[in-house]
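Okay, thanks everyone for coming.

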Amino acid sequence: MNFKAQILDAAEMRRALTRIAHEILERNKGAENLAVVGIHTRGIPLAERLAKKIAELEGLQVPTGKLDITLYRDDLSEVGLQPVIRRTEVPFDIARKRVILVDDVLFTGRTIRAALDALIDLGRPSAIQLAVLIDRGHRELPIRADYVGKNLPTSRGEVVKVKLEESDGQDIVELWEIA
């Protein structure tokens with residue numbers, strides 16, 4: 001792969017997440033009855049950051065969870081013979097909550113479809129809203145994000161890499177071309 005461009009640096013990522021937090025609060029008229037659930041892997045630290053920002057803005061702790069969608073994927077047979085199963089940790093009842101589902105990149109929509117199935121298996125929220133850091137297009141399913149940090153039109157020959165301080169040692173979003 002060949003590096004093409006830096007899309008977001010740490011400051012731009014922080015501003016995008018702050019804007020998303022404000023949009024969530026505005027649309028939901030505050031943080032009452034909200035919950036934030038991140039999709040493994042990089043959706044989790046983004047969800048935790050959003051929950052922290054919402055708490056700073058509203059003075060109200062928002063329950064946060066971690067969702068593993070591995071067994072809900074429609075390409076599980078292509079993932080490998082021994083897919084890595086992580087823990088789903090949603091230590092609160094999602095019934096009647098407005099759940100903000102968080103992921104790093106929205107592409108075909110298949111990850112989000114799997115996440116919706118996994119989330120519904122945990123209960124029946126009053127609403128599910130989707131927040132993503134990057135929306136790169138190329139949807140294969142009728143799914144759209146409610147909150148987007150950056151819309152980034154891409155070609156299918158490109159890859160968006162999100163690196164986060166928690167897992168990669170730095171906050172940066174890069175665009176790479178498949179060689």
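So, look at Arg136: its side chain gets to the backbone oxygen of Glu158 at 2.9 Å. Quick word on what you're seeing: this is a predicted model, where local features need pLDDT of at least 70, side-chain atom pairs count only at pLDDT 80 or more, and totals for chains, interfaces and linings use all residues. Residues are numbered from 1 along each chain as its sequence is written, and side-chain values use heavy atoms, with hydrogens and water left out.

Back to our arginine. Where does Arg136 sit? In the loop between β5 (127–135) and β6 (147–151); helices (H or I, at least four residues) and strands (E, at least two) are DSSP runs, numbered from the N terminus. Arg136 also has a polar contact of 2.9 Å, side chain to side chain, with Thr154. By polar contact I mean a pair of N or O atoms within 3.5 Å; within protein, one must be able to donate a hydrogen and the other to accept it, and residues adjacent in sequence count only if both atoms are side-chain atoms.

Now, Arg136 is buried but has no salt bridge. Buried is under 20% relative accessible area, with a 1.4 Å probe and protein chains only, and a salt bridge needs a side-chain nitrogen of Lys or Arg within 4 Å of a carboxyl oxygen of Asp or Glu. The nearest side chain of opposite charge is Glu158, 5.5 Å away; Lys and Arg count as positive, Asp and Glu as negative, and His and the chain ends aren't counted.

Let's zoom out to the sheets. One is open, with five strands in the order β3-β2-β4-β5-β6 and parallel pairing; two strands pair if DSSP finds at least two bridges between them. Its edge strands are β3 (64–67) and β6, each pairing on one side only. β2, residues 34–39, pairs with β3 over four bridges, and Val37 has Gly65 as its bridge partner in β3.

The other open sheet has three strands, β1-β8-β7, paired antiparallel. At its edges are β1 (2–8) and β7 (158–163). β1 and β8 (residues 172–177) pair over five bridges, and Phe3 stands opposite Trp176 in β8.

Which helix lies across β1, β7 and β8? That's α1. Helix α1, residues 10–28, also lies across β2, β4 (98–106), β5 and β6.

Note on methods
Buried means under 20% relative accessible area, exposed over 50%, partly exposed in between (1.4 Å probe, protein chains only). Contact means heavy atoms within 4.5 Å. Axes are lines fitted to C-alpha atoms, for helices over the stretch in contact, and angles run from 0 to 180 degrees between N-to-C directions.
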